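These are my notebook entries on one structure, kept in the order in which I looked things up.

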Amino acid sequence: MRDPRLSRHADLLVGYCTAVQPGDYVVIFGNHVVRPLAREVYRAALAAGGNPEVLLLDRYLDEVKLKYGDEAQLDWASPTLAMVMDKADVLINIRGETNPSQFANTDSARQARAHAADRPAIERYFKRIAAGELRWTITRYPTQAGAQTAEMSLYEYEDFVFGGCLLDEPDPQAAWLDLRRRQQRIVDWLAGKSMVVVKGDGVDLSLSIEGRKFINSDGRTNMPSGEVFTSPVEDSLNGRIRFSYPSYQAGRIIDGIELTFKDGRVVEASADRGGEFLKSQLDIDEGARIIAEFAIGTNYAISRVTGDTLFDEKVGGSIHLALGQGFPQAGGTNKSILHWDMVTDMRNDSRITVDGELLYENGKFVI
Amino acid sequence: MRDPRLAKLAELLVNYSNEVKPGDWSLIMGELVTLPLLRELYRAVLEAGGYPEIVLSDPESGLLRVQLGNDEQLNWVSPLQEMALDKADVLFRVLGTDNTRRLSSADPSKLSTMRAAARPMFENYIKRASTGDLRWVIARFPTEANAQEAEMSLMEYEDFVFQACMVDEEDPVAAWRQVQADQDKIVAWLEGKKKLVAKGPHLDLQMSIADRPFINCRGDDNMPDGEVFTSPVEGSVEGWIRFSYPSLEGGRKVEGAELIIKEGQVVEAKADKGEDYLLSQLDTDEGARRIGEFAIGTNYGIQRATGDALFDEKIGGSVHMAIGHGVPEAGGTNTSSIHWDMVTDMRDGGQIWVDDELLYENGKFAIL
C-alpha cells in the first residue's frame, strides 16, 4: 500500500505551500529517486488545474561532468535550467539522494566553477521570487540514503520527515497556520528593534537588525519550516561562533565549523573536518564571506539534526547563520552564488537579548 | 561488469549517427529505465566536446495527465520540450520502457488531443531536422519489458538489439558505411523513375514516385537502421495492403490491419485486433488518412518482428508504409501529428516493379 502521508504531503505542497492555480506551469524538480512523491505532487497539481512537469535529475552525470568535462563544458550553463527559472510559475524542489557522498572526492574548485556557470539562472530565480512571479518550495522525500545520513532506519526516517512536516496532525494545514500565528507574535515583537546580542556555548555575537525585517517562515517556502529570520545589517556582525552541528554542503560533511566575524565579514574560518572545502566556498565569489542571515528555529517536532539543512535549521531550540546570498525581502543586500546555513544548539546556557531585553533563553522564547 | 556493447553503441550514436562536435548542445532523452545507455551517451558526448544534458521522463506521470487532465491540461505543451526541440543542436531519443502496455486503458481520443496539441512543436522539429539545424537519432536500450514484448529473455533480446545495430562487430562504423554504399546503389537506380507497383500475398499497390527522391537510411537517424524510403506523390497511391506484422503504437497492439487506399487516402480500414484504436488514429487530423511514406527494409540482421517499429520496419525482406506526416527531404507535403509505420512481409512471393522493371523479389533486390 502507498503511504497515505505521501498524498497528504503532496496536497500540502500544492495547496498550502505554493497555492497552485489553474493554468500555472508547475515544475517538480528532484533526483530520480524521489519519483513516488513527485508523482503524487503531479497528481495534486493536475487536480488544482495546473500544468505540472517533472524534471528528474541524475547526479551520476554531474559527477561524470565534474571528472571528465573540459573548461568550456564546466562553464556551460544549461538552457533548460535557465528556461525553467524564467518561465515556471511554481517550482517544487524535492530533495532526496541515492548517495550523499557522491561528491565527497570531487575537485572543489571545479565544483565551484560549475556552480558559477548557473549563477545567472539562480539570480533570475531570486529576482522572480522577489517580484512575486515565482512561488517555490523545497521539501524532502525520505530515501534509504537520507536515512543512512540521519543514522536511522528508513521506517524511522519516514516518521521523522513526515513528523517534521506536521503530516501526523489531523489537519496539517491548520497546524502550519497555527505555527504561523505563534511566529507572528515574535516577528511583531522584533519590529523596530536594533541591537541583537547572542551568547551561549561557543557563541558570542552582536549584530544590528536596524531597518531590517524578520520573516515568518511558515512552511510555505520550506516544508518543513519553523523559523524566524532576517538578513542583518551586512557590516554590523562582530564576534565568533562555533557551530555545534555538522553541516552538509555539496555532498560533503563539514564539522566543527568556527567563524570569526569582523564588520560582517568572515576573517577567520576553520573546521575540524572539511576545512579546505569551507575555505574554497568562502572564496567562491566576493559576497561569499558576508553575513546573509540570522535565524531562530522553532519547529519542536524536529529535535535532532539529520544532515539536511532544511530540517536542521528548523530544530526547535537552535539558531543559524548563513553566508552569501542575502534576502531582499528582509532588507538584505548581499549577493553571492552561495547561501550556506550553519546551525548551532541553543538549548543549554544560551540567551538572545534585543536592545537589552531578554528574548530567548535555553532554546525557548520568553516573550 | 558493464556490457561493453553499450559503450560501443553510445560511441556509434555520438560519433557516427549525430557526429557531435565541440560546443553542440546535446539533449539525451529517455525513461529512467534506460539510464545505463543515457549515462554512456553523456560520457561520449563530453568526450566529443559537446554539452550533454539528459531529460528523464516519467511515463507514470504522463499517464496521470491523460487520465486526470481537463481539456486545457490535455492541450498544454511543455515549454521545456518546446524550447529543447527548438534550440538543441543534437538530440538522442532513447526508447525503452519498464511497461510497454502502460497506456492500454488510456482514452485514445485524449491521446490524440495531446498529440494534436504537440503538433506545432513536432513540425518545428521536423523542419529543423530537414534543414540540418538539428541532428537527431532514435535508438533503443534493451529492457525486460521490451524483451517480454518481443517474447524473448533479456539476454536474447540484448543480443537481438546489439546485433541489429552491429555493435557486436569489430568496427560498427565501418559496417554502417558498407550499408550506406549498398543502399546508394538502390537509390541511384530509383532516381528519375516514375511508377512503382508492389504486389504479393499481402498487398497490391501502385503509386507515383515521380520527382520523389528515395532516402538512404544508413544509421544516422535511426539505430538500428537499414531502409530506403520515399514519400510517394500524395494523391497517387491506390490499392490494398494487409500488414502481416502487428504494430504496437502508443502502447496499443494492432494486429492484422488492412487498408484500402484510393487517390492517396485511406477509405476503408479494419484490424483483427485494435480496430477502434486504428480508426481513432485515422481521425486524428486531416492528414492522418494520407500516405506519408513507402519504404523497403534492408537490415538482414533483423529476421523477426518484435512489435517495435524501429526494428520491424528495417526487417530485411519487408516493406512498410506510414500513414500521416510526410518526409520533406523526400518531397513529401502531407502534414499530420501522426506518423504511423506499418510493416508487411515480402519474403513469401512479394514483388516490386518500377517503370515495368523488376526491382525486388521475395525479399531481395534483383538489381544488386
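Entry 1: From H5(A), Pro79(A), Thr80(A), Met83(A), Val84(A) and Lys87(A) take part, and they meet Pro79(B), Leu80(B), Met83(B), Ala84(B) and Lys87(B) of H5(B). By class, I found seven nonpolar, one polar and two charged residues in the contact of H5(A) with H5(B). In this scheme Ala, Val, Leu, Ile, Met, Phe, Trp, Tyr, Cys and Pro are nonpolar, Asp, Glu, Lys and Arg are charged, and the others, Gly among them, are polar.

**Conventions.** The model is predicted: local features need pLDDT of at least 70, side-chain atom pairs count only at pLDDT 80 or more, and totals for chains, interfaces and linings use all residues. Residues are numbered from 1 along each chain as its sequence is written, with chains lettered from A and ligands numbered from 1 in the order in which they are written. Helices (H or I, at least four residues) and strands (E, at least two) are DSSP runs, numbered from the N terminus.

**Entry 2: crossing geometry.** Helix H5 spans residues 79–87 in chain A and residues 79–87 in chain B; the two axes come within 10 Å and cross at roughly 140°. That makes H5(A) oblique to H5(B). Angles under 35 degrees count as roughly parallel, over 145 as roughly antiparallel, 65 to 115 as roughly perpendicular and the rest as oblique. Axes are lines fitted to C-alpha atoms, for helices over the stretch in contact, and angles run from 0 to 180 degrees between N-to-C directions. I noted the crossing of H5(A) with H5(B) as right-handed, that is, with the near helix turned clockwise from the far one by less than a right angle.

**Entry 3: chain A against chain B.** The contact takes 28 residues from chain A and 26 residues from chain B. On the chain A side, the elements giving two or more residues are helix H2 (35–47), strand E2 (51–57), helix H3 (59–68) and H5. Of these I recorded H2(A) as giving the most, with seven residues. The chain A side has 15 nonpolar, six polar and seven charged residues.

**Entry 4: domains of chain A.** The assignment for chain A gives domain 1 (4–164) and domain 2 (192–365); such bounds come from an automatic or database domain assignment. I read 23 Å between the C-alpha centres of the two domains of chain A. In chain A, 30 residues of domain 1 are in contact with 25 residues of domain 2. H6(A) gives the most to the domain 1 side, with six residues. That side has 17 nonpolar, ten polar and three charged residues.

Entry 5: Which sense do E17(A) and E18(A) pair in? Strand E17 (residues 351–354) and strand E18 (residues 357–361) of chain A are antiparallel, over four bridges; pairing requires that DSSP finds at least two bridges. Ile352(A) has Tyr360(A) in E18(A) as its bridge partner. Their hairpin has two residues between the strands, and Asp355(A) takes a positive phi near 50°. E18(A) is also joined by two bridges to strand E19 (residues 364–365) of chain A, again antiparallel, with Glu361(A) opposite Lys364(A). This hairpin has two residues between its strands, and Asn362(A) in the turn has a positive phi of about 50°.

Notes:
Contact = placed C-beta atoms within 7 Å.
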